[in-house]
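Colleague: Could you walk me through this model, please? I'd like to start with how it is built.

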Amino acid sequence: MMEILGIWIAAFLTLAILSFLFGDNPVYKFVEHIFVGSSAAFGVLVAFNQAVWPFLQEGLTTTDTFLKVTTYIAMFMGVLTLFRLEIMNFIAPNLTWISRFPIAFVTGVGTGIAIVTSIHGFIFPQTVATFLPLFENRASAVEIASNIILVIGVLSSLYYFYFSMEQKGVLKGITRTGMVIIMITFGAAFGYTVMARVSLLIGRIYFLISDWLHLVR
Amino acid sequence: MNAAVRILEQLGKLDRRLIYALVFLATAIPLILNIKLPMPVSPEVKSAFEAVDRLKPGDVILISTDYGPSSAPETQPMLEAILSHAFKKNVKVLLMTHWRFEGLIMGIEGIDKVAKKYHKEYGKDYLVLGYRPGGTAVMIGMAEDFRNIFSTDNAGKPLDSYPIYKEIAGDDGVLNYKDIDLLVGLEAGSIGNFWIMIVNARYKVPMIMGTTAVITPEFFAFYQSGQIEGLLGGLKGAADYETLLGVVGFASKGMVSQFSVHVLIILLILLGNLSDIARRFRG
């Protein structure tokens, strides 16, 4: 019974959201507000239950002094973040700057990790992957052509972003090649995006005609 | 000639609601009629399938469901297909998510469904670690010991209280990336990049990725460089995996609709351009 009720509610919500195709309307607005409200509430609860509470429970009851101290520091930083809340503008507007300390800490750690991982896990391996044999006896014609396109594509695309020299003559040709390669990449990305959006539509329509209307088995 | 030009010009002014209706029909009709089309399998999906297929009974895969319901039509069939493959081969499965709270819901829904089908037991054959915020910090913390980050599973019980933990962790009692034979990232955002850039690059964990079509192009670079062993891109990737597995699931059925909608879009683009040419022709 509950399952049937759930399917009918989901079908109503789906149709209500799709009704936006014919213009903004009160039913769409109603469902949009339900979505935003329930998502936010659910998110807060799960974050508390899955992350905040287990960490606090473990950190405050542990016998490990290091873990205990770091938990207290984390809690302190968490409290400082609360000064960012909108309500603090009314209670103590001259203290909102305090929230910058935890934000600066998170930004610093994040940037440090991102720089190292980008160089080690992205730039180096990707550069190495462009060192390809352009003419190899055992390689097929398709592989050779693919390697040549890849190397030319990388070099010309990189050169496209080199703005310190006037691009004319041969250099203009390289820039043009780079631009064409970038445009083809955008085209492929756009094609994949269309596929993604159509997939979402298929998912919803499949739900309507299968689970709700039972037209598909 | 003039009549043809006039018709073409009028077709360019199609009511958008008619286009919505056509897209709806192009999606729904193939699903209702259960039309099937031959579909060659992409090499990158075949590589992903082979990476799972090489696993032996007792090996461990870590699946990260970093997506929500908004991308479930693409990624959920991937999860179910990979889980079916893993459970069929008696591979142990650990499931976690970085994707706020929705990833957990999708992951649990998928693993419960497939585990039931293959009579797999929670705590013995698979374990849901849960959700932890922090992204890169979580990944780095897990490298030393998963219990640094997941002291308990999703149900709130200590990880080391489960038989699967003892079996995987072995004599040293520590579970970390060394115990993982394959990492499967099902991604709708940037978390997949960090799995590759941190966990693959630093800890050499073999991995395959299943991504939404929107982010698939950037993951081809990782596949081409050999940083990931296989790639499932969008609904097509999921459908290819189902084909290799020999099942006809939602993805395989959906690909026929995908094809018909693409044909419709191409026709509409052509029509729009012809209509524009006709309008210019009439001055």
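Modeller: Gladly! Read along the sequence, chain A runs α-α-α-α-α-α-α. This is a predicted model, where local features need pLDDT of at least 70, side-chain atom pairs count only at pLDDT 80 or more, and totals for chains, interfaces and linings use all residues. Residues are numbered from 1 along each chain as its sequence is written, chains are lettered from A and ligands numbered from 1 in written order, and side-chain values use heavy atoms, without hydrogens and water.

Colleague: How many helices and strands does chain A have?

Modeller: Helices (H or I, at least four residues) and strands (E, at least two) are DSSP runs, numbered from the N terminus. On that basis, chain A has seven helices and zero strands.

Colleague: What percentage of the residues in chain A is buried?

Modeller: Buried means under 20% relative accessible area, with a 1.4 Å probe and protein chains only. Of the 217 residues in chain A, the buried share is 24%.

Colleague: How is chain B divided, and what separates the centres of domain 1 and domain 2?

Modeller: The bounds come from an automatic or database domain assignment. Domain 1 of chain B covers 2–36 + 257–281, and domain 2 covers 43–247. Taken over C-alpha atoms, the separation of their centres is 40 Å.

How values were computed. Buried < 20%, exposed > 50% of the residue type's maximum accessible area, 1.4 Å probe, protein only.
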